[in-house]
Amino acid sequence: MRVAPSSIARLTTPPFWDISGDLKSLRGVTDISSEESFRLIVETIPGLIAVMTPEGEVEHVNRQVLDYFGRTLEELQKWGTSDAVDPVDLPQVKVAWQRSVETGSPYEFEHRIRRADGEYRWFQSRGLPLRDANGLIVRWYNLLTDIHARKQAEDRLRRENAALKRAEEKIREQEVEWRQMLEFTPQLVRVFGPAHERIYANRIGLDYLGVSLEEWRQIRDMCRFVHPDDGDRMRAFFDRARSVGAACELEVRLRKADGSYRWFLVRYNPVCDDTGQVMRWYVAGTDITERKTAEEELQQLVDFVRHIITVLSPNGQIAYANRVAREYTGLTLDEYRAVDVLARVIHPDDIERMRAVRERGLSANNPFEIEARTLGKDGLYRWFLYRYNPLRDQQGHIARWYVTGTDIDDRKQSEDRLRQENVALREEIDKTSMFEEVVGTSPALQTVLSRISKVAPSDSTVLITGETGTGKELIARAIHRRSNRSSRAFVSVNCAAIPRDLIASELFGHEKGAFTGATQQRLGRFELANGGTLFLDEVGELPPETQIALLRVLQEHEFERVGGTRPIRSDVRVIAATNRDLQAAISGGAFRSDLFYRLHVFPIELPALRERRDDIPLLVDYFIDRYARKAGKNIRGVNKKALESLQLYPWPGNIRELQNVIERSVILCETEIFSIDENWLPQPPLTFESQQQVELPRRLLVQEKDMIEAALKASRGRVSGPTGAAAKLGIPRSTLESKIKSLKIDKNRFRTLS
């Protein structure tokens, strides 16, 4: 290699590289003898440029190199002994560079160099010699190109290719394993193209049919190995599968190489592309001959069972119906399989319910049952109880549904008769029990009945007040019967008849061990009446602590059993009744005012019997008819004098007292005309003449009317409020309103009086 003298040459031709890569000259520069001109040329070249002496020593670098390395020229001149080049790459870089310097051939090498921040990045280093006119090397120009991103991409690609190669090798290994498995899988495995062209059959399948793979591929008749009786069904099955492009299955007999037939469950599974087009059909045939044989034996057995028995596929399609089913409905087995049997034989009133229950049961995969009327071949419907029970395979999947239908028509008829008898008995009870029917047409009673009809459909709490014996429980039952809760329980509690220590347990129940004698858990009346109505008679007799618990139920609709800690939700309508003056009890501290206002949502005050005397003849007839039939007597009429006595008597015991008097008189009556012993109607001590005694009830009414009118006059026609007539007379507002109406007093005329 020829090297020019160390003096700087004068070049007059533009720089270019020849075909071998040598740098020939620099365009536009005619004199590079000065160091300043030389450096200017290097600085103006874009990229990382290093200028070397012919001997290969660093002579000059441009600003980009200094900025990249973050070092001075003097430091870079020692690149061979510094960390500017990655220590891993440095030995090879030195050898390659020394070879180029010695031979004068261009230098090109890829290695990592250290950036100012300490990171090593990949660069392509390309060194080109500059020769003079005599061919002597006067300079080496080294161009550094950042290829870090490319090297990283190549590295990723190399790793991915290696992983892909390993995956391909594994797939090939798995394909060999799968093919070996398919070859000896104890099933007839076949692969078909979209148009049913034959592609593959496993060894087990080919041996069963007695053909080679090539012979099997040449077969054009898809039913060549199918039993003649199953051929049409097989063709229809595959046409349907191909049209819908979905998985399906069929039980069919296939001919073996020895000419015998065995049952197979053939499952078709499509493989589709992204557009949904079928690319392959994978078919597996499982030998079910033993199962079919067992089913045939079972069918022979169930044919002799005196029940309707049907066998369903997992999706609910009928696969078999026993002889009893076929004889009862008159349908053949093919008709059972082909027609909508439910629509054909189930009563129209039951079909919708039958379908809904059946759909829910089949989807839940659990046993269920339903009652429905089924049409017989004689044109008559009979009630059947159908029980559905699933049969599962070893994997827990449902293989069959077995349905048994039991004739329950006699039982249903008995239930209908019993229901009718219960209705008749209830009507009889309604007619014979005073607590199941309201008797009377008086204005006072009609007012009460009107309020009952308004409040009954709601769930509002009702407070019934009135004297003893006026029929408060009768009214409570009437409200319950006309409410939305009429089909649920009506539970009655007499709060005055239960000891104070036991009333809380009676209402809310108790836990085992809650108190001495509580040997087991007991449900209270609130739980027994859940969803229905609870009638609290004589509610004014509740002790204070029980009043608090009752208030909680009415406010929060929950309670706790005595001795319990778990709150129990309550869905109960409460109707309370009392003959006490609860306002006076509140004033006396015996009754809580907050509980009163919770109960006093809809008050109903019952008039005393003396305030509805017009109803006494009706009540007398009602009780006479009731007790006469009970005693086996025929009473045709009522003694006029006896009826007058009954109407004039004030009846302090109200309807209950009247009922007792009538029952006693019927027992003693020996004629067809009803009469009473007037000694049973005690009168207060008399000081007036007989005529005056007869007029006493009338005079009392006149006196009562005068007192009410005087109070209305003093209150200027106002009934309620602290200055109203009711407060002046010391009676409840509702009682005063009832008396004003019964006595036909016009309260409005007192509002204009000054």
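Tutor: Throughout this discussion, helices (H or I, at least four residues) and strands (E, at least two) are DSSP runs, numbered from the N terminus. The model is predicted, so local features need pLDDT of at least 70 and side-chain atom pairs count only at pLDDT 80 or more, while totals for chains, interfaces and linings use all residues. Residues are numbered from 1 along each chain as its sequence is written, and side-chain values use heavy atoms, with hydrogens and water left out.

Student: Where does Lys-744 lie?

Tutor: Lys-744 is found in the segment that follows α27 (733-742).

Student: What is the phi of Lys-744?

Tutor: Most residues other than glycine have a negative phi. Lys-744 is not a glycine, yet its phi is positive, at about 60°. Its relative accessible area is 75%, so Lys-744 is exposed (over 50%; buried is under 20%, and partly exposed lies in between, with a 1.4 Å probe and protein chains only). Asn-365 also has a positive phi, near 60°. This residue sits in the loop between α13 (348-364) and β13 and is partly exposed at 32% relative accessibility.

Student: How many salt bridges does the structure hold?

Tutor: Side chains of opposite charge can pair when their charged atoms come close. A salt bridge is counted when a side-chain nitrogen of Lys or Arg lies within 4 Å of a carboxyl oxygen of Asp or Glu. The structure holds 55 of them. In one, Lys-412 pairs with Glu-371, with 3.2 Å between the closest N and O atoms. This pair links distant parts of the chain, since Lys-412 belongs to helix α14 (residues 409-432) and Glu-371 to strand β13 (residues 368-375), 41 residues apart. Lys-412 is buried at 14% relative accessibility, whereas Glu-371 is partly exposed at 23%.

Student: Which residue forms a salt bridge with Asp-409?

Tutor: The partner of Asp-409 is Arg-382, and their closest N and O atoms are 3.8 Å apart. Here too distant parts of the chain are linked: Asp-409 is in helix α14 and Arg-382 in strand β14 (residues 381-392), 27 residues apart. Asp-409 is buried at 7% relative accessibility, and Arg-382 is partly exposed at 28%.

Student: Where do Glu-672 and Arg-636 lie?

Tutor: The side chains of these two residues, Glu-672 and Arg-636, meet in a salt bridge at 3.0 Å, N to O. Glu-672 is in the loop between α24 (654-668) and β24 (673-674), and Arg-636 is in the loop between α22 (616-631) and β23 (637-638), so the pair ties together parts that are 36 residues apart in sequence. Glu-672 is partly exposed at 40%, and Arg-636 is exposed at 62%. Elsewhere, salt bridges that share partners join Arg-115, Asp-117, Glu-119, Arg-121 and Asp-146 into one network.

Student: What order do the strands of the open sheet have?

Tutor: Strands of a sheet pair through backbone hydrogen bonds, either parallel or antiparallel. Two strands are taken to pair if DSSP finds at least two bridges between them. This open sheet of five strands runs β7-β6-β10-β9-β8, with antiparallel pairing. β7 (198-201) and β8 (248-255) stand at the edges with a single partner strand each, so one side of each has no neighbour in the sheet. On average, neighbouring strands of the sheet are turned by 25° against each other, direction ignored. β8 pairs with strand β9 (residues 261-272) over eight bridges in the antiparallel sense, and Arg-255 stands opposite Tyr-261 in β9.

Student: At what angle do helix α15 and helix α16 cross?

Tutor: Two packed helices are described by the angle between their axes and the distance between the axes. Axes are lines fitted to C-alpha atoms, for helices over the stretch in contact, and angles run from 0 to 180 degrees between N-to-C directions. The axes of α15 (residues 443-455) and α16 (residues 472-481) cross at roughly 35° and come within 9 Å.

Student: Is Asn-654 buried or exposed?

Tutor: Asn-654, a residue of helix α24, is buried, with a relative accessible area of 0%. Leaving aside neighbours within four places in sequence, its contacts include Thr-468, Gly-469 and Ala-608. Asn-654 and Leu-609 are 45 residues apart in sequence, but their C-alpha atoms are 5.1 Å apart in space.

Note on methods. Contact means heavy atoms within 4.5 Å.
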